[in-house]
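Subject: Structure handover

Hello,

Here is the structure for you to pick up. My notes follow below it.

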Amino acid sequence: MAQPTDPDPRATLRGGLPDRYLTPDDIAEIFEVPKETVYQWRKKRTGPPGFRIGKYVRYDPADVRIYVTECKAVGREAA
């Protein structure tokens, strides 16, 4: 029997909100950037908003979707 593979985080966001918070690795994969870039975004407060649970950073998928929508709107205004 084939084992299920992890879903692509980008497909999860397109298809609806996942049932878990996203990790920095997920964010890096979604935006196809190095994980260090995700940490720099957080440090500079320029990327999707994250929050801490203990020592771990997590991202609410709803906040990530809002961030993407805002980026698209800014891109349209600049064009």
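How many aromatic pairs does the structure hold? There are three. Before the details, please keep in mind that this is a predicted model.

**Aromatic pairs**

Take Tyr21 and Phe51 to begin with. Their ring centres are 5.1 Å apart and the planes meet at 85 degrees, so this pair is edge-to-face. Tyr21 sits in the loop between α1 and α2, while Phe51 is in strand β1 (residues 51-53), so the pair ties together parts 30 residues apart in sequence. Is Tyr21 buried or partly exposed? Tyr21 is partly exposed, at 43% relative accessible area. Phe51 also counts as partly exposed, with a relative accessibility of 27%.

Next come Phe31 and Tyr67. Here the ring centres are 6.1 Å apart, and the planes are at 85 degrees, so this pair is edge-to-face. Phe31 belongs to helix α2 and Tyr67 to helix α4, so the contact ties together parts that are 36 residues apart in sequence. Phe31 has 26% relative accessibility and counts as partly exposed. Tyr67 has a relative accessible area of 16%; the cut-off for buried is under 20%, so Tyr67 is buried. Which residues form one aromatic cluster? They are Phe31, Trp41 and Tyr67.

**Nonpolar core**

The largest nonpolar core has eight residues. Its members are Leu22, Ile27, Ala28, Ile30, Val38, Val57, Tyr59 and Val64. Which element gives the most to this core? That is α2, with three residues. As background, nonpolar side chains in soluble globular proteins tend to be buried together.

Leu22 is in the loop between α1 (9-15) and α2 (24-31). Its relative accessibility is 2%, so Leu22 counts as buried. Where the chain is concerned, Leu22 and Arg58 are 36 residues apart, yet their C-alpha atoms are separated by 5.5 Å.

The other is Ala28. Which residues does Ala28 contact, leaving aside its neighbours within four places in sequence? The list is Val33, Pro34, Lys35 and Val38. Of these, Val38 is also named in the core.

**Ala62**

Ala62 is in helix α4 (residues 61-78). Its relative accessible area is 28%, so Ala62 is partly exposed.

**Whole chain**

The secondary structure comes to four helices and two strands. Read along the sequence, the pattern is α-α-α-β-β-α. The chain has 79 residues, and 22% of them are buried. Now the contacts with a separation of 6 or more: residues 24 or more positions apart account for 39% of them. The accessible surface of the chain is about 6,000 Å². Carbon and sulfur atoms hold 53% of that surface.

**In short**

Two edge-to-face pairs are described above: Tyr21 with Phe51, and Phe31 with Tyr67. The largest nonpolar core has eight residues, and Leu22 is one of them.

Best regards

Terms used
Residues numbered from 1 in each chain as written. Predicted model: local features only at pLDDT ≥ 70, side-chain atom pairs only at ≥ 80, totals over all residues. Heavy atoms only, no water. Buried < 20%, exposed > 50% of the residue type's maximum accessible area, 1.4 Å probe, protein only. Core = buried A, V, L, I, M, F, W, Y, C linked by side-chain atoms within 4.5 Å. Contact = heavy atoms within 4.5 Å. Phe/Tyr/Trp six-rings, centres within 6.5 Å; stacked < 30°, edge-to-face > 60°. Areas by Shrake-Rupley, 256 points an atom, 1.4 Å probe, with all protein chains shown as cover.
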